[in-house]
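Welcome! Take a moment to look over the chains below, and then we can walk through some of their features together.

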Amino acid sequence: MHPAFRKAGPVSMFLTAVLAAAVACEPVRVEEQDNRIPAVQSEVIGFYLLNEGTMGANNATLDYADLRNGEYVSGFFSKQNPDMPLSLGDVGNDILLAGDCLAIALHGSGIVEIADARTAEHLAEIPVPGCRYLAEDGGSLYVTSYAEGGSLWKISLEDFSIVSKIGTGHDPEQLHIHDGFIYVLNSGGMQLDSGTGQTAYEHTVTVVDMSDFSVVRTDDVGFRNLYKVLCGGDYEYMTSRGDYMNESGAVFTYDRTSGEAVMIASVAVSNWCEYDGTVYTQATVYDENWNQTVSLGRLCGKDYVEDDFADLSSAGIKACYGLDVNPATGDFVLTDAGDYVTPGAVHYFSADGSLLWSHRAGVCPSRIVWIYED
Amino acid sequence: MLLMTPAESADTLSASVVSSGRHGSLSVRTFTSWQVSSMPSATVPDLLRHMAGVQIRDYGGLGGLKTVNVRSLGSQHTGVFIDGVRISNVQNGQVDLGRYPAEDMESISVVNSISPSMLQSASELASASTVRLRTMFPDFSRPWSLSAKGEYGSFGTGSAYLSAGKRLSDRFFMKFSGDFRHTDGDYPFVFRNVYGADTTARRQNSDLTSFRLSPSLYMRSGRFRLHLSGGWFHSGRGLPGPVIRQSGQYRSSDRQNDDNIFVQTVCRYSAKDFSLKITGKYAYDLCNYVQDTLWDKSAAYRNLHYRQQEGYVSVSAAYRFGNFAFSLAWDGSVFHLSSDVAGLSGKLRLSSLAAARVRYSYRNFSADASLVHDHSADFSLSRPGISETVRTSVHDRPCPFVSVSWSPGKFGFMLYWKNSFRLPTFNELYYVAVPSANVAHALDPETVDQFDFAASFRTSAGIWSCDLGADLFYNITKDKIVWLPAANQFVWSAFNYGLVHGYGATLSMDHSLVSGDFGMNLRADYSYMRSKDMTDPQSPWYGGQIAYVPLHSVSAGLILSYRDWSLSAGFIYNSVRYRTSANIASDLLAPYACLDVMLSRTLWKFMKISLAAANITDTHYEIVSRYPMPGVSCRMAVQFNF
């Protein structure tokens, strides 16, 4: 052996030993989890949970909670469609049950995915650039889209073809179909005024006559940056998000015939659901240090009342991102987006507000559809 | 001087005068010019991937953005210096290393502690870690120099490089260097899901065309040296976007055009016990971002121009007195950013860095301490009728460094603590929430504390020499700047929120053997890096390995030469990485190994022909999630050196 090697040998061995010790110290933890959940028996056999994912990460996923058999299946769509290399797609914005079909609007992908409602097996892919929210009526699917300056697309559920499209206000969000008319809420959230650079928020509802698919009216409701619409009891409730600076978000009622809006509360309601004529709401309130607190409430007629209908403290929710109610039992589901980048959680509360179970969800778990037995 | 790295020994006389030298290679890793030209790596970032503890975030292809990150501290903590002058991008703080040609480089070093040379600028002392690129200094013994290189390879990639120099007198040397490159970048990639279903496609809108013109004037007169250089760099590239499910084709059509013009000068005076360095720089950067060039109705057409100007002055002086060495340094800089983004008014950042350093050496022991004081202020400039000039923030922060070292015989040991911070970038301050928000959030600087124990061993015997280095380190990143939704789920803001604890070890070795016509160099680097996300104890992912940091990475480089022939190979391995702190299967990026080889032959002493193959095993992998890297590629080059 060369004399120099003899000198280097012990040093190398020492370094190798140090290295081995370091490696052995702490391996990266890989989480595995149990997929059993308590079974809940009713005519609702389970629910799909759409996880939005993050923009550009193609990580929208669909989970299925099998309430009848007590099993939670993460990434259900991927498992059912192993031959789709890019799986569900980018930014799952909305999900809807339309007869035997499941429609999923993938905003980042510009695709409305049509899958079988029971098996989640892929049926068709409809290109709708900038798609946002879905509604169904009379064998047609209606999709709002940011594309083309704000548009509403009509899709046939027979052959999944695009039938027609019309312009709405800028950046339309949710829509509601009632008695032959479609009410589209415009946000304008992506529009910049070229002069001031301020966001040019919309404050209008576009009313579309379904008989000839044309815009019949544009109602100025006075609230900026419209977002969600929900029908509960005798009222059509809408939310606005304000401008995030001077004008806070609000909940208001909208009169379908006159187009008039009446303020209920200046609370930025993020999520809501309707059960038995009552609308349950969830709002995230920020203090001056941007600390957030989740506040739960109810809309009863024209009143908003704070009401802790679910015991949030037991779930440790960090960023509430979705709310729904089991239409058969009145049980609540609240989702937690955590840090919005890593997988969040889903929490299932019984109708009396006590936590029944929690499970890991996907990234930004947001919307739920309930599945009934055949 | 024995352990001085070539970069440092090239650091004029000052290094030998003021630095005590022995612990020079501790926590420093270097590629020499011979290694730069012999390794199969084509670019500076490809070479940096071989350094222990360095991660290159590469978005794929020649045109894809490449940023450097040392010991998972974040790319904005890594200062990149070319000839001692910091390359800055105040806008997003990330330097695209792809623009610097490897042909110009005398050496490439990564310095984790602080450089052993006492003559450092205050910004060099302030950076958490530094990547130092040193360009060739001309050989005054020759009346002229000429070097040219032409290269052509896969995916429509071609480049031409020319460097010509003339000695004007005993004191002056003039050099001109320029290069042109183009790539179509349309490499094929395979995307495979966890069930094995795959899709094969070609990267689109991934092309790059760039050129660079750079004249330099060198002066050498006694103890005085001056290097005056300028340059114009232009590039136009496609931004191919992530691979996601889309209807029809992968159709991102976004483009980015960059123009960078700069003038800089470095003057040095070196005497026996005293040395002085004065540096000045002016740079103008224009970044033009065009979104949706195809006027696709699903996206919004945008054509934005960001103009950034930078003025920089640095003075540093070092003095040796007995066993003591002292240095003082001051850097002043002015950054100005303007854009045609509606509602975004001009931004100004003034900063002053003052540093003092002292070193005491006694026999083979030395102690080193420095303190950098950073004072900086940000302003949002007025726009007629809309906003007024406001001072948005002021930062005052001292950053200490302490080290002790001991170098008995062929060994060297060093223990150091370094505290450093980075200011929030203009992106983090102003591109938040509503695009019109001109009021900056009160973001604190992100701070890093590094603790390190370094050991080295160097020996040589006749034809053989060996360098071994090892580091054990622990670092804490506080007030990490992270993005969270603010006013609601639609609006995001940057916050001081994160906390990362990292520890690990790096090992490196460098063996050389030269015997007659035969020469061999073998380098190998290993790093173990555990970086834990300690941000939120309530999170299920608390303690998870942070995004994109492999637990293990290995690199090796082998160069064999015999007479006119040279054969080299470069190997890289990275273990599993996760795209977030959630260390679960759905967020996993598969481990990968890559092998590059190059064969070259020198003809008539002035011509070199080389044939290289990169990623010869055709590994399909990703460094950044959804940005596939190229598979196997070939290139050939002809180079002339006169």
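Leaving aside its neighbours within four places in sequence, which residues is B:Val68 in contact with? The list is B:Leu48, B:Val54, B:Gln55, B:Ile56, B:Ser75, B:Thr78, B:Val80, B:Leu97 and B:Val131, where contact means heavy atoms within 4.5 Å.

Before going on, please note that this is a predicted model, in which local features need pLDDT of at least 70 and side-chain atom pairs count only at pLDDT 80 or more, while totals for chains, interfaces and linings use all residues. Residues are numbered from 1 along each chain as its sequence is written, chains are lettered from A and ligands numbered from 1 in the order in which they are written, and side-chain values use heavy atoms, with hydrogens and water left out.

**Cores**

B:Val68 is also among the residues with the most contacts inside the largest nonpolar core, which has 24 residues. A nonpolar core is a set of buried Ala, Val, Leu, Ile, Met, Phe, Trp, Tyr and Cys residues joined through side-chain atoms within 4.5 Å; buried means under 20% relative accessible area, with a 1.4 Å probe and protein chains only. Among the elements of chain B that give two or more residues to this core are helix 4 (44-48) and strand 3 (66-70). Helices (H or I, at least four residues) and strands (E, at least two) are DSSP runs, numbered from the N terminus. A second, separate core of 20 residues includes A:Val73, A:Ile104, A:Ala115 and A:Ile371.

**Paired strands**

| Strands of chain B | Sense | Bridges |
|---|---|---|
| Strand 14 (residues 224-239) and strand 15 (residues 254-270) | antiparallel | 16 bridges |
| Strand 15 and strand 16 (residues 274-291) | antiparallel | 16 bridges |

Opposite B:Ser235 stands B:Asp258 of strand 15, while B:Gln256 has B:Tyr289 in strand 16 as its bridge partner.

**A residue in chain A**

A:Thr278 lies in strand 21 (residues 278-286) of chain A. Why is A:Thr278 called buried? Because its relative accessible area is 19%. Beyond its neighbours within four places in sequence, A:Thr278 is in contact with A:Cys273, A:Arg298 and A:Leu299.

**Confidence**

The model scores ipTM 0.84 and pTM 0.86. Chain B has a mean pLDDT (the predictor's confidence in each residue, from 0 to 100) of 84, and 89% of its residues reach 70 or more. Over residues 1-24 of chain B, however, the pLDDT is below 50.

Conventions. Buried means under 20% relative accessible area, exposed over 50%, partly exposed in between (1.4 Å probe, protein chains only). Two strands pair if DSSP finds at least two bridges between them.
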